[in-house]
There are 2 protein chains.
Amino acid sequence: MIEWRLNQPKWLQVANIIKERIASGQYQVDAPVPSEHQIVQEFGVARGTARKVLERLREEGVTYSVRGLGSFVAAPAAE
Amino acid sequence: MIEWRLNQPKWLQVANIIKERIASGQYQVDAPVPSEHQIVQEFGVARGTARKVLERLREEGVTYSVRGLGSFVAAPAAE
DNA sequence: TATGATTTGTGCGTATGTATT
DNA sequence: TAATACATACGCACAAATCAT
């Protein structure tokens with residue numbers, strides 16, 4: 001079970017959890033991250049919240065999404 | 001035509017109707033229940049609502065779904 | 001072999017209403 | 001007041017699996 005913090009929105013907390021999994025190697029590059037539906041199921045949030053999570057990860061360049069396929073871990077940005 | 005009740009969601013009402021059909025023997029074990037598209041057509045709901053109906057039936061163990069095939073009546077759970 | 005139809009899975013967009021913070 | 005969150009419901013596009021032709 002997730003222990004939600006009260007001082008930050010759920011969508012941000014879920015996004016951070018997924019980012020930690022990516023950083024830890026749990027999700028490899030080009031491997032799928034949880035889908036909208038899976039986020040709803042695993043974290044017990046609403047669909048709108050799940051969408052916001054994936055939207056945030058895309059905006060940060062952490063993942064990329066393909067319609068009809070899902071969202072996947074992006075290759076690390078070159079520095 | 002369906003007479004929708006205002007006090008409960010459409011997806012629940014449709015799910016209950018299908019469960020009644022299963023209970024009555026109208027849909028046999030391993031026989032297909034209405035597909036998403038058929039639910040859309042018969043009950044006049046959106047696909048998302050139809051998906052929610054089948055999702056609920058799966059969660060209750062009433063049916064099982066196979067990608068590319070459809071949803072089918074599950075064998076009764078042993079007690 | 002391949003083509004199309006059917007079906008489920010997924011992503012994405014939008015809207016309304018309610019409740020909480 | 002505003003942001004967050006949940007629930008419900010509508011819709012479209014594309015992908016993958018399956019089956020029949």
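In this predicted model, a phosphate oxygen of DNA strand C is 2.6 Å from an N or O atom in the side chain of Arg58(A), a polar contact in the sense of a pair of N or O atoms within 3.5 Å. Local features need pLDDT of at least 70 and side-chain atom pairs count only at pLDDT 80 or more, whereas totals for chains, interfaces and linings use all residues, and side-chain values use heavy atoms, without hydrogens and water. Residues are numbered from 1 along each chain as its sequence is written, while chains are lettered from A in the order in which they are written.

**DNA strand C**
- DNA strand C is surrounded by 24 residues (those with a heavy atom within 4 Å of the strand), and the closest are Glu36(A), Arg47(A), Arg58(A), Ser65(A) and Arg47(B).
- Of the atoms of DNA strand C that come within 4 Å of the protein, sugar and phosphate account for 57%.

**DNA strand D**
- Around DNA strand D there are 23 residues, the closest being Lys10(A), Trp11(A), Thr49(A), Lys10(B) and Thr49(B).
- Sugar or phosphate holds 81% of the atoms of DNA strand D within 4 Å of the protein, and the rest belong to bases.
- Phosphate oxygens of DNA strand D lie 3.1 Å from a polar backbone atom of Ala46(A), 3.0 Å from a backbone N or O atom of Ala46(B) and 2.5 Å from a polar side-chain atom of Thr49(B).

Technical notes
A polar contact is a pair of N or O atoms within 3.5 Å; within protein, one must be able to donate a hydrogen and the other to accept it, and residues adjacent in sequence count only if both atoms are side-chain atoms.
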